[in-house]
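Work through the exercises below with the sequence and the model at hand. Each task is followed by its solution.

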Amino acid sequence: MNTVMTSENLTSGDIVINGSVGTPFCDDAKMSMRNVNVFYAENQAIHDVSLDLAKNQVTALIGPSGCGKSTFLRCINRMNDLIPQCKVTGSFVMDGAELYAKNMDPVLLRARVGMVFQKPNPFPKSIYENVAYGPKIHGLATSKSELDEIVETSLQKAGLFNEVKDRLDKPGTGLSGGQQQRLCIARTIAVSPEVILMDEPASALDPIATAVIEELISELKEKYTIAIVTHSMQQAARVSQKTAYFHLGKLVEMGDTKQIFTNPSHQLTENYISGRFG
Ligand SMILES: Nc1ncnc2c1ncn2[C@@H]1O[C@H](COP(=O)(O)OP(=O)(O)OP(=O)(O)O)[C@@H](O)[C@H]1O
Ligand SMILES: [Mg+2]
């Protein structure tokens, strides 16, 4: 398989920047990742990836299974710290601050950079407590009524409040899959993050629940910077403004979503989006 980033693989005359084709950097970056390498023991999962996440935009990370999308996403809020034998090098800067600096508290960082997983994972607690937990441990509310308000507005922003307002004391695990995923989004929002990372957030949901989540993502970007991993090209095209195509741990191409899906510059991107990957 040819993965060498040379002009020979290009379908148009674009130049190769930092090993990748297209426009991985932007002027209004919320986060800037540079020369990121990730190893699991001696296996390298990410190779010299550099890209920006643009402020108040949705960036889709796409690519074949095993290409490193989840690995890269997890580095952005230091979830990989929790995996033994995982080593991360390179630079991750948010608003001028290095996320891997010694004085950066990973627990506080994960409140600023929230994560929503493929499988909804509500805590075994009530709907209310699921959302209230984060604000409580981070001391974001000074009174019960303030906490009530955070819970209500978070559930509202996640588009779930009306469905659960009469059963806030019931277990979060008793909700449907799509509702549980919105509960997890409400839980993420409750600690006022700046960035939300989503790893295939709708892949376990039916088309109606998926549409609700997609609509939500489009609304959330007004306030937050979002990165989403998805295997659905239609979903990437619907919800994102920028798309990054990964292949075997490398960033092959990044650019405006419309351009990536209609006029990709790299042969590997074209193969993938046209279903000719192999
Ligand atoms: N916890 C881990 N320990 C060891 N190796 C891992 C771990 N997680 C991922 N890897 C390896 O890193 C590489 C990238 O995996 P990753 O899960 O990031 O891919 P992905 O693009 O998210 O794939 P998928 O689309 O299937 O979710 C793979 O070779 C995988 O085997
Ligand atoms: Mg993954």
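**Exercise 1.** Which residue is the bridge partner of Val38 in β4?

Solution. This is a predicted model, in which local features need pLDDT of at least 70, side-chain atom pairs count only at pLDDT 80 or more, and totals for chains, interfaces and linings use all residues. Residues are numbered from 1 along each chain as its sequence is written, with chains lettered from A and ligands numbered from 1 in the order in which they are written.

Start with the strands (DSSP runs of E, at least two residues, numbered from the N terminus, as helices are from runs of H or I, at least four). Strands pair if DSSP finds at least two bridges between them. β3 (residues 29–40) pairs with β4 (residues 43–54) in the antiparallel sense over 8 bridges. In β4, Ile46 is the bridge partner of Val38. Between these strands lie 2 residues, and Ala41 in this hairpin has a positive phi near 50°.

**Exercise 2.** Find the bridge partner of Val38 in β6.

Solution. β6 (residues 86–94) also forms an antiparallel pair with β3, over 8 bridges. Here Val88 is the partner of Val38.

**Exercise 3.** Is Met233 buried, partly exposed or exposed?

Solution. Locate Met233 in helix α8 (residues 233–239). Next, count the other C-beta atoms, placed from the backbone, within 10 Å: 20 or more means buried, 12 or fewer exposed, and in between partly exposed. Met233 has 17, so Met233 is partly exposed. Beyond neighbours within four places in sequence, Met233 is in contact (C-beta atoms, placed from the backbone, within 7 Å) with Ile62, Phe261 and Ile273.

Definitions and conventions. Contact = placed C-beta atoms within 7 Å.
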